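Please open the model in a viewer and keep the sequence panel beside it.

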Amino acid sequence: MPLLSPQDRQTLTQHLAPITKSVDLLLFTQTFGGTESGLVAKQVLDEVASLHEKISVVEKNFVLDTEDKAKYGVDKAPAVVVLGDGQDTRIRMYGANTGYEFVSLVEAVLLAGTGNLELEPESVAALAAVDKPMRIQVFSTPT
Amino acid sequence: MAYANPHITADAVDAQEFMELTRRYRVTGVPKTVINDSIEILGGLPEADFIAAALQPEGDAS
């Protein structure tokens, strides 16, 4: 059964229409010892990918794909790494991406696919001064 | 923010899925933002305030 209603699909299709760059969603899951949220994450991503021809889902194995895990710094699963035109956006989503997290996922896809930052120019200027690694973790709940 | 600077990585973490992290970072309300394990921002803030809090010198966080 689809997670998105026909009306949701229509709204999201319009929202994602400005996408011009390819967006790859790398989904890291684990078959054994993994949680059901990996399956939910897969369904969520597949439904989002079906909304625009430029969006693709690439499945990775959290246990076996150690090279990609290290490359993208993925340390838990399920995880989604968002690539825009093959370049790492450094945006990661950990969990099933439902509820409020779904909004973050859609906005990350839109950013990767358009390159349009929504930040104010003052914010961009302030962030340009960051010259060492900064890891931002935002904790939220699906509901 | 991550898209704006190659030094920045942004993780959206489901607090219910990853309980160990939720305990480690003492997440008692959401959204809670943790930066480099040292700066904590509870709740949502206006963009300018959020960035000012995120860029404060580490160790000054309340």
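Select strand β3 of chain A (residues 79-84) and show its side chains: A:A79, A:V81 and A:L83 point one way, A:V80, A:V82 and A:G84 point the other way, and all are buried. Buried here means under 20% relative accessible area, exposed over 50%, and partly exposed in between (1.4 Å probe, protein chains only). Strands (E, at least two residues) and helices (H or I, at least four) are DSSP runs numbered from the N terminus. In a regular strand the side chains alternate between the two faces of the sheet.

This is a predicted model, in which local features need pLDDT of at least 70 and side-chain atom pairs count only at pLDDT 80 or more, while totals for chains, interfaces and linings use all residues. Residues are numbered from 1 along each chain as its sequence is written, chains are lettered from A and ligands numbered from 1 in the order in which they are written, and side-chain values use heavy atoms, with hydrogens and water left out.

Strand β1 of chain A (residues 23-29) runs antiparallel to β3(A) and is joined to it by six bridges; A:L27 has A:V80 as its bridge partner. β4(A) also pairs with β3(A) in the antiparallel sense, over five bridges, and here A:G84 is partnered by A:Q87. In the hairpin of β3(A) and β4(A), two residues lie between the strands, and A:D85 takes a positive phi near 55 degrees.

Stay on β4(A) and select A:T89. A:T89 is buried at 2% relative accessibility. Leaving out residues up to four places away in sequence, A:T89 touches residues of both chains, including A:V82, A:A112, B:A2 and B:Y3; touching, or contact, means heavy atoms within 4.5 Å.

Now display chain B. β4(A) pairs in the parallel sense with strand β1 of chain B (residues 8-14) over four bridges, and B:V13 is the bridge partner of A:Y94.

Select the whole interface: 38 residues of chain A are in contact with 34 residues of chain B. The buried area, which is the accessible area (1.4 Å probe) lost on putting the two parts together, summed over both, is about 3700 Å², with carbon and sulfur atoms giving 59%. A:R90, A:I136 and A:F139 supply 25% of the area that chain A buries against chain B, more than any other three residues.

Which side chains meet in a salt bridge? Those of B:D11 and A:R135 do, at 2.6 Å, N to O; the term requires a side-chain nitrogen of Lys or Arg within 4 Å of a carboxyl oxygen of Asp or Glu. The count between the two chains is one.

Move to A:Q137 in strand β5 of chain A. A:Q137 is buried, with a relative accessible area of 3%, and its side chain makes a polar contact with the side chain of B:Y25 at 3.2 Å. A polar contact is a pair of N or O atoms within 3.5 Å; within protein, one must be able to donate a hydrogen and the other to accept it, and residues adjacent in sequence count only if both atoms are side-chain atoms.

Finally, select A:S50, in the loop between α2 (37-49) and β2 (55-61) of chain A. A:S50 is partly exposed, at 44% relative accessibility. A polar contact of 3.0 Å joins its side chain to that of A:R9, and the side chain of A:S50 also reaches the backbone oxygen of A:E47 at 2.7 Å.

Note on methods:
Pairing = 2+ DSSP bridges.
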